[in-house]
Amino acid sequence: MSGQSLGASLPLRRAPSRPDLGALRLDRARRFVVPVLLILLWQAGAEAGLFSIRLLAPPSAILAAAWQLILSGELLHHLLVSLRRVAIGLAIALGAGVSLGLVAGLSRLGEDALDATLQMLRALPFLALVPLLILWLGIGEATKIALVALGATFPIYLTLFGGIRSVDPKLLEAGRVFGLDRAALIRHVVLPAALPQALVGLRYALGTAWLSLVVGEQINATAGIGYLVMDAREFLRTDIILVGLLVYALLGLGADQLVRVIERRALAWRPSLVGEG
Amino acid sequence: MAAPILRLRDLTRRFHGPDAPPVLDRLDLTIGAGEFVALLGRSGSGKTTLLRTLAGLDPVTEGEALLPARRAVVFQEPRLLPWKPVWRNVALGLPGAAEAVRQRALAALREVELAHRAGAWPLTLSGGEAQRAGLARALVREPDLLLLDEPFAALDALTRLRMQSLVAELWQAHRPAVLLVTHDVEEALLLADRVLVLAGGRLVQDLAVDLPRPRRRAAPGFDALRIRLLATLGVDEDGHDAARAA
């Protein structure tokens, strides 16, 4: 084989071994039968007057409310405010979690200095810090962002630290034998080995970020999905409340999908993903 | 013997403090450039410790060791980095421009007949392929001393035979000095110029193998050497433990 043709085949080859697509679609569709049935029952129950639509708006009203909020631009406005809080909070958490994880993971001194403290802090339910955060940072954006950052830092730190520490020593040895110095070992062996766990941590972090957002946005917010929900409660607009919940759910799902996509690209070498396409 | 490339004097290694019984006990060993040496020994005889010392993974604490600068190891498990495609594993730690390094890696893979898997992920390789990738990774460094740590032990019998002849061919093409750690007497006799037997941390036999190459199990003299080595290892021809039978 010539070097030329080899070069062309170097980008990873993926062997799609998909089962029959038609059968797959049917299989997927079947999973939605029960949820769709529940929604239909919900609608029918509301129309038959089985429960008060003031306390639980029917799906049709929720859709109508969502449509109105979209048309008026309100939903987008609040959504952007919420997304901004999560984005800034997560960025802080990533910075802090990754730095702390690297320092504690890569040096014994760093571990001794940081790990015990962080483990203790982790044991504290971070949402219990809300009163303190309000005293320290006020009731504005800072508290909401801090809450997101606080919640998301620990999963990132823990999994990165754990991932670094569980690197196969045999691979480290092989790296040393083949002339890698410490920096190269970290780059080529330690960090790639830690990545799968760290990405699990990232997924957890995103989950906690949404949770923190929900809590944070109930503290005197003037904008954001949480504000939309709290405001709707004042007027007993359960349809808008449910729109808010729906948006939270979709955001959570979307974030999860995002990490899955990252995983699929970054961890293409793993046996479960190799050959999956 | 050719100019020595490795020389050990009184090499001693203890694991549990200065008074513990040594794993390697005042070992003397000289290996010439281009010489193929096999090291036999029962488990616990110190084979792995010796190999790790020669690889530079364990420090020399007692005695002296003169070692060539360019050494490479093929481990019993391939120890490929799963997140790097095969050719990048071969190229790992090589100095030089990226394209030149890649070409060297691909050339090494061609030599072990693995060029078609250059872009594959290591976890998709078969045991034999992975071990050939490990061999390419060692060869590409053009070592003066090639250390083979039971590299065929985990392979099935047919793959093992092919790997053994591949190693013999590569050795004849490149002529590094080789130290093959194995517990397979026939494998040692098929490949090596000299067979050492390690027992209790000391070399108890140093046997020259004067059989013509390529080696055949049926060659005259092969069996006699085999029986001698087995006797040193304390096993009789039928595989019974001679020490226990006595």
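Reply: A:S212 has a relative accessible area of 0% and is therefore buried, since a residue counts as buried when this value is under 20%. The model in which this residue is seen is a predicted one. In chain A, A:S212 belongs to helix α10, which covers residues 182–216. Its neighbours within four places in sequence can be set aside in order to see what else surrounds the residue; A:S212 is then in contact with A:F126, A:L127, A:L147, A:V148 and A:G151. A:A44 lies 168 residues from A:S212 along the chain, and the C-alpha atoms of the two are separated by 35 Å.

B:P214 is placed in a loop of chain B, between strand β9 (202–208) and helix α7 (222–233). Between B:P214 and B:G41 there are 24 Å in space, taken from C-alpha to C-alpha, and the two residues are 173 apart in sequence.

Eight helices and nine strands are found in chain B. Of its 246 residues, 53% count as buried. The radius of gyration of chain B is 18 Å, and this agrees with the value near 18 Å that a compact globule of 246 residues would have. The C-alpha trace of chain B spans about 60 × 45 × 35 Å along its principal axes.

Chain B is also divided into two parts: domain 1 consists of residues 4–70 together with 143–245, while domain 2 consists of residues 82–142. Taken over C-alpha atoms, the centres of these domains of chain B are separated by 26 Å. Where the domains of chain B meet, 14 residues of domain 1 are in contact with twelve residues of domain 2. Sequence separation can be considered for the contacts of chain B in general: among those between residues at least 6 apart in sequence, 69% join residues at least 24 apart.

Finally, the surface and the charges of chain B may be described. Chain B exposes about 10,800 Å², and carbon and sulfur atoms supply 52% of this area. There are 32 positive and 30 negative charges in chain B, and their mean positions are 6 Å apart.

Key: Residues are numbered from 1 along each chain as its sequence is written. Chains are lettered from A and ligands numbered from 1 in the order in which they are written. This is a predicted model: local features need pLDDT of at least 70, side-chain atom pairs count only at pLDDT 80 or more; totals for chains, interfaces and linings use all residues. Side-chain values use heavy atoms; hydrogens and water are left out. Helices (H or I, at least four residues) and strands (E, at least two) are DSSP runs, numbered from the N terminus. The radius of gyration is taken over C-alpha atoms; the globule rule is 2.2 Å times the number of residues to the power 0.38. Buried means under 20% relative accessible area, exposed over 50%, partly exposed in between (1.4 Å probe, protein chains only). Contact means heavy atoms within 4.5 Å. Accessible areas come from the Shrake-Rupley method with a 1.4 Å probe; for residues, only the protein chains shown count as cover. Lys and Arg count as positive and Asp and Glu as negative; His and the chain ends are not counted. The place of a charge is taken as NZ of Lys, CZ of Arg, CG of Asp or CD of Glu. Domain bounds come from an automatic or database domain assignment.
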